[in-house]
Amino acid sequence: MTQLKKWIKPAIVLILFGIAAYIVRFEFNLGKDEISTFVKSFGWWSPFIFFLIYALGPIVFFPTSILSLVAGFVYGVWPGFLYILLGATGAAATGYVMGRFFGDSLVKVQNFSWSEQLFTKIDQNGFLYVLILRLTPIVGFDLLSYVAGITRVKFRSFIPASMIGMFPGTLLYSYLGASLGTGNIKQIMLAVSLLLALMAITFLFRERIKRWLGFTG
């Protein structure tokens, strides 16, 4: 039951975004072209504005998954995918820096049952464990960034590990956002199915991965 609760938040975000997209499209009669025109009216600044908002996510606690869907919706799979990946990397870097400079005054990591194992493992091979924990969200996105900063994982290892680990989810979010922009029901259902399949795979293997990582608490 505890594990199922972890999926409630992303599921709610997807549902709310779907409802919002429906209202905007059919109640206000605003299509992808009108929304894209507004966003792109900022010119070449629009990707930078998107990146800045995304990077501030760990500070303002904004649900960045919504931004990911918006990027796919407005920009398409490409360059939406690139903007999401860069934005998410910026958010990861923000969390890392906060953890590095504010330490456990920001997050009481020692209160988590797996903290001792994580500190030991991540000290041995920061790149590998950040990569695995990005692919399998056993630890929350921002929390992992904070912990990586607190444990002083090398930044040059943390960033590429995060980018590679975020690749599958980023691609699917951009595809889902782009499919919502097309309004094609079959494409939307395919995108949702692929995202749910990724979540299901993560859910099925999370216990094995936790044991492999040494998260015995």
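Colleague: What makes Trp 44, Trp 45, Phe 48, Ile 49 and Ile 53 a nonpolar surface patch?

Modeller: This is a predicted model. In it, these five side chains make a patch of about 580 Å². Patch members need over 30% relative accessible area and no salt bridge, and nonpolar side chains are joined within 5 Å.

Colleague: Why is Trp 44 called exposed?

Modeller: Its relative accessibility is 59%. Exposed means over 50%. Therefore Trp 44 counts as exposed.

Colleague: Where does Trp 44 lie?

Modeller: Trp 44 is in the loop between helix H3 (32–40) and helix H4 (46–55).

Colleague: What does the surface of the chain consist of?

Modeller: The chain exposes about 12,100 Å². Carbon and sulfur atoms supply 69% of that area.

Colleague: How many of the residues count as buried?

Modeller: The share is 44% of 217 residues. Buried means under 20% relative accessible area.

Colleague: Which peptide bond is cis?

Modeller: The bond joining Trp 78 and Pro 79 is cis, with omega about 10°. Most peptide bonds are trans. Pro 79 is found in helix H7, residues 77–102.

Colleague: What is the secondary structure of the chain?

Modeller: The chain has 12 helices and 0 strands. Read along the sequence, the pattern is α-α-α-α-α-α-α-α-α-α-α-α.

Colleague: How do you know what share of contacts joins residues at least 24 apart?

Modeller: A contact means heavy atoms within 4.5 Å. Take the contacts between residues at least 6 apart in sequence; 79% of them join residues at least 24 apart.

Note on methods:
Residues numbered from 1 in each chain as written. Predicted model: local features only at pLDDT ≥ 70, side-chain atom pairs only at ≥ 80, totals over all residues. Heavy atoms only, no water. Helix = DSSP H or I, 4+ residues; strand = E, 2+ residues; numbered from the N terminus. Buried < 20%, exposed > 50% of the residue type's maximum accessible area, 1.4 Å probe, protein only. Areas by Shrake-Rupley, 256 points an atom, 1.4 Å probe, with all protein chains shown as cover. Patch = residues over 30% accessible without salt bridge, like charges linked within 9 Å, V, L, I, M, F, W, Y side chains within 5 Å. Salt bridge = Lys/Arg side-chain N within 4 Å of Asp/Glu carboxyl O.
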